[in-house]
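Q: I would like to learn how to read a protein model step by step. Could we look at it together, beginning with the chain as a whole and then turning to local features?

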Amino acid sequence: MLYALHELQRSLLSPMVTAASVLKEVTHSPLNPLRDLPFVRAVGANSELFTRLMQRYHKPNWDIETVDVDGKPVAVKTEITIDKPFCKLIHFRKETKVKGPKLLIVAPLSGHFATLLRDTVRTTLADHDVWVTDWVDAKMVPLSDGEFRLEDYVDYIKEFICSLAPRLNVMSVCQPTVPVLAAVSLLASERNPRIPDSMIMMGGPIDARRSPTAVNQFADEHSHQWFTNQMVMRVPQNYPGFSRLVYPGFMQHASFMAMNPDRHLNAHWEFYKHLMQGDQDSAEAHRQFYDEYNAVLDMPAEYYLDTVRIVFQDFLLPRGEWNIREQRVDPGAITKTALFTIEGELDDISGNGQTEAAQSLCSGIPKTRRKHLLAKGVGHYGIFSGRKFRTIIYPQISQFVQKQMRSKKQLV
């Protein structure tokens, strides 16, 4: 019912949003001789702020058409190599003979679209042949395609790894560190030869009992039944996924905003002042960030509830009690895949030690093939995006991958 009311509200506001958008364009137009007058700027600023707060934000484009390789621009084309109901495996194919080591980037299915990792992809493309998991908005998946649970997520990752291995490196960002570790553990237990050479795990809840954050405490303070009753809704009839049970994107977005309300209020106030001052560079930086931040997707309810229970309430992976299709998930079975765990000192989503927990769980990996990094002065998003990622974290990832490649060649 709440989902339907949300859609109704959006529909009722649509004419007002359209009118405000038109007014914004008129007041900002370079053809408007009055656009620099304080009153006109105020009208334009108010119109744009209202539009941005009330409009629908759709999935952003990747916008990666070229990448610098050895100081030269190289064309990049995106291709869907595996097309599944809940995920598209995308290959960013560089138009060059030297591709670099294969890298599968597993994007989080936790509210935002995979395009949130645009900076991660663009940075790694310079030295690697990159694939990315592009998760599908659950409201766009017909009910006839069935459920999608956390174990199905693990199955997807296993399939993607097997399709790209050997000579493959896997990078998981935040939420997927858990299913990626499960997938590699199962492949190792099965003695499947198509396993990755290395796993790079960044800011994820491998053991959410360590350094609990507000996210962990929220899950701990509410029962599983509460999440089922309060967070799960059916998709309205105006979408292909009509009647599918989901955790709606608009509720996730409200949760994101509620975690740091003062920060977001201040950001919008600063945006308004930049518009009034004519500071278009600062205003555009705000637009780019919130165009991505405000674009959210619906998650399949079964997957969401599985994640709450298995990862944040019962801690089945670190306790060694997680079974997938009657097979125990045993990270200790991994012996041939190197491990690099990365955490941000200031991460308020995944606390310090939560990702590092993989180091002790993966006891079968020699210490010489394990590495941990605590990035000083870095928050959650800074682990995989921004200046510190590009200048401090990524160079160490690249060196780690190259080291594993050299050791593999020596063994051969």
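Predicted model: local features only at pLDDT ≥ 70, side-chain atom pairs only at ≥ 80, totals over all residues.

Q: Among contacts between residues at least 6 apart in sequence, what percentage join residues at least 24 apart?

A: In this chain the share is 77% of those contacts.

Q: How many positive and negative side chains are there, and how far apart do the centres of the two sets lie?

A: The chain has 48 positive and 46 negative side chains, with the centres of the two sets 7 Å apart.

Q: How should I read a sheet, and what is the strand order in the open sheet of 3 strands?

A: As a general idea, the strands of a sheet pair through backbone hydrogen bonds, in either a parallel or an antiparallel way. Here the open sheet of 3 strands has the order S8-S9-S10, and its pairing is antiparallel. Its edge strands are S8 (233–234) and S10 (299–300), each of which pairs on one side only. Strand S8 is joined by 2 bridges to strand S9, which covers residues 245–247, and Met 233 has Val 246 in S9 as its bridge partner.

Q: Which backbone angles deserve a second look?

A: The general idea is that most peptide bonds are trans, and that most residues other than glycine have a negative phi. In this model, the peptide bond from Ala 165 to Pro 166 is cis, with omega near 5°, and Pro 166 sits in the loop between helix H4 (150–164) and strand S6 (168–173).

Q: Where is Ser 211 placed, and what is its phi?

A: Ser 211 lies in the loop between strand S7 (198–202) and helix H6 (214–221), and its phi is positive, near 40°. With 38% relative accessibility, Ser 211 counts as partly exposed, because that value falls between the cut-offs of 20% and 50%.

Q: Is Glu 326 buried or exposed?

A: Glu 326 counts as exposed, at 83% relative accessibility. Its phi is also positive, near 65°, and Glu 326 belongs to the loop between strand S11 (323–324) and strand S12 (327–328).

How values were computed:
Residues numbered from 1 in each chain as written. Heavy atoms only, no water. Pairing = 2+ DSSP bridges. Helix = DSSP H or I, 4+ residues; strand = E, 2+ residues; numbered from the N terminus. Contact = heavy atoms within 4.5 Å. Lys, Arg positive; Asp, Glu negative; His and termini not counted. Charge placed at Lys NZ, Arg CZ, Asp CG, Glu CD. Buried < 20%, exposed > 50% of the residue type's maximum accessible area, 1.4 Å probe, protein only.
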